[in-house]
Amino acid sequence: MFFTLKKVIGGLLLPLPFLLLLMALGILLLWFTDWQKSGKILISASWLFLLLLSLQPLADRLLLPLDSRYPTWNGTQPVDYIVVLGGGYTFNPDWAPSSNLLNNSLPRVAEGVRQWRRYPHATLIFTGAAGGTNPRSSASVAAQVAESLGVPADHIQILDQPRDTADEAQAVKSEVGQRPFLLISSANHLPRAMRFFHAVGLNPIAAPANQLAITSPLNGWERAIPSSIWLSHSERAVYETLGTVLQRLKGEETRSSEPGE
């Protein structure tokens, strides 16, 4: 129940639904009350914020502190495990395997396969439970993609019970213990994920994927024209900020790793 409530409330607080709700409130004030000025202010402010969050300079400025926290991993420290955290997915058996990985998931798996080729003796661990009525778990779909890209099945392990990052940390702990391992997630999610994994006494090495905040050259019109792409970058910044606030409120950054806690 708490998991569903967290997802619903968190979803409504993201920029697009939140600003649309404010616009709707402003429209209601204009049509059905005498609070005309308040309605105009709500609609105008919401439109302005939606515009600004849809522009590349602001969106990527918001996301950059998270996205650049950890550099791409090209180190040589030996590891026996590479953990790839679950993300968005669906499952249609008629599609190419990689088409079933949505949003942030495919870059995570691609980076996992790249790292496995650097450490071919290692075990690739995929995490993530089944979502909704889906017959397959996020972890199993990601594993299928890795196999289609040449990773042998005997080098893949599936942890398909965890529903969120805190659960993933506990599940991985039971498999790898105190041994160092590569932890792969989206670059903007990795700072929060690392705190979860450290909190249960693990020794992850950050290996970010799916960097989004652009600091390299772009065409001028790409910076000046609002786009859903840049709005999605703003959304990621807000989502991770909300997740960090909840993490700290729940005390999961310093949660004891003792059994039963």
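## The largest pocket

The largest pocket holds about 1300 Å³ of space. It is lined by 48 residues, and the ones closest to its centre are K7, R163, R192, R236 and Y239. Keep in mind as you look around that this is a predicted model.

Where does the lining come from? Helix 1 (2–12), helix 7 (165–176), helix 8 (190–199) and helix 10 (228–249) each give at least two residues to it. Helix 10 has the largest share of the lining, with ten residues. Sorted by class, the lining of the largest pocket is made up of 16 nonpolar, 20 polar and twelve charged residues.

## Salt bridges

Searching the whole structure turns up three salt bridges. Here they are, side by side:

| E111 | R114 | 2.9 Å apart |

Let's take E111 and R114 to begin with. Both sit in helix 5 (residues 105–118), and because they are three residues apart there, about one helical turn separates them. What about their surroundings? E111 has a relative accessibility of 11%, so it counts as buried. R114 has a relative accessible area of 31%, which makes it partly exposed.

Is E240 buried or exposed? With a relative accessible area of 1%, E240 is buried. R192 counts as buried too, at 9% relative accessibility.

Through shared partners, the salt bridges join R192, R236 and E240 into one network. There is a link back to the pocket here, as R192 and R236 are among the residues closest to the centre of the largest pocket.

In soluble globular proteins, nonpolar side chains tend to be buried together. In this model, the largest nonpolar core has 26 residues, and the members that touch the most others are I82, L124, F126 and L182. Which elements give two or more residues to this core? They are strand 1 (81–84), helix 5, strand 2 (123–127), helix 6 (138–148), strand 4 (181–186) and strand 5 (204–209). Helix 6 provides the largest share of the core, six residues.

## The annotated stretch

An unreviewed UniProt entry carries the annotation "domain: DUF218", covering residues 80–243. Over residues 80–243, the chain is 41% helix and 15% strand, with the end C-alpha atoms 30 Å apart.

## An exposed tryptophan

One last stop is W31, which you will find in helix 2 (residues 15–32). Is W31 buried or exposed? Its relative accessibility is 68%, so W31 counts as exposed. How far is W31 from Y89? The two are 58 residues apart in sequence and, C-alpha to C-alpha, 41 Å apart in space.

Definitions and conventions: Residues are numbered from 1 along each chain as its sequence is written. This is a predicted model: local features need pLDDT of at least 70, side-chain atom pairs count only at pLDDT 80 or more; totals for chains, interfaces and linings use all residues. Side-chain values use heavy atoms; hydrogens and water are left out. On a 1 Å grid over the protein atoms alone, a cavity is a set of points where a 1.4 Å probe fits but cannot get out, and a pocket is an open set with protein on both sides within 12 Å along at least five of seven lines; lining residues have an atom within 4 Å of a point. Grid points are joined across faces, edges and corners, and a volume is the space filled by probe spheres set on the points. Helices (H or I, at least four residues) and strands (E, at least two) are DSSP runs, numbered from the N terminus. Ala, Val, Leu, Ile, Met, Phe, Trp, Tyr, Cys and Pro count as nonpolar, Asp, Glu, Lys and Arg as charged, and the others, Gly among them, as polar. UniProt positions are given in the numbering used here, feature names are shortened, and annotations may be inferred rather than shown by experiment. Buried means under 20% relative accessible area, exposed over 50%, partly exposed in between (1.4 Å probe, protein chains only). A salt bridge is a side-chain nitrogen of Lys or Arg within 4 Å of a carboxyl oxygen of Asp or Glu. A nonpolar core is a set of buried Ala, Val, Leu, Ile, Met, Phe, Trp, Tyr and Cys residues joined through side-chain atoms within 4.5 Å.
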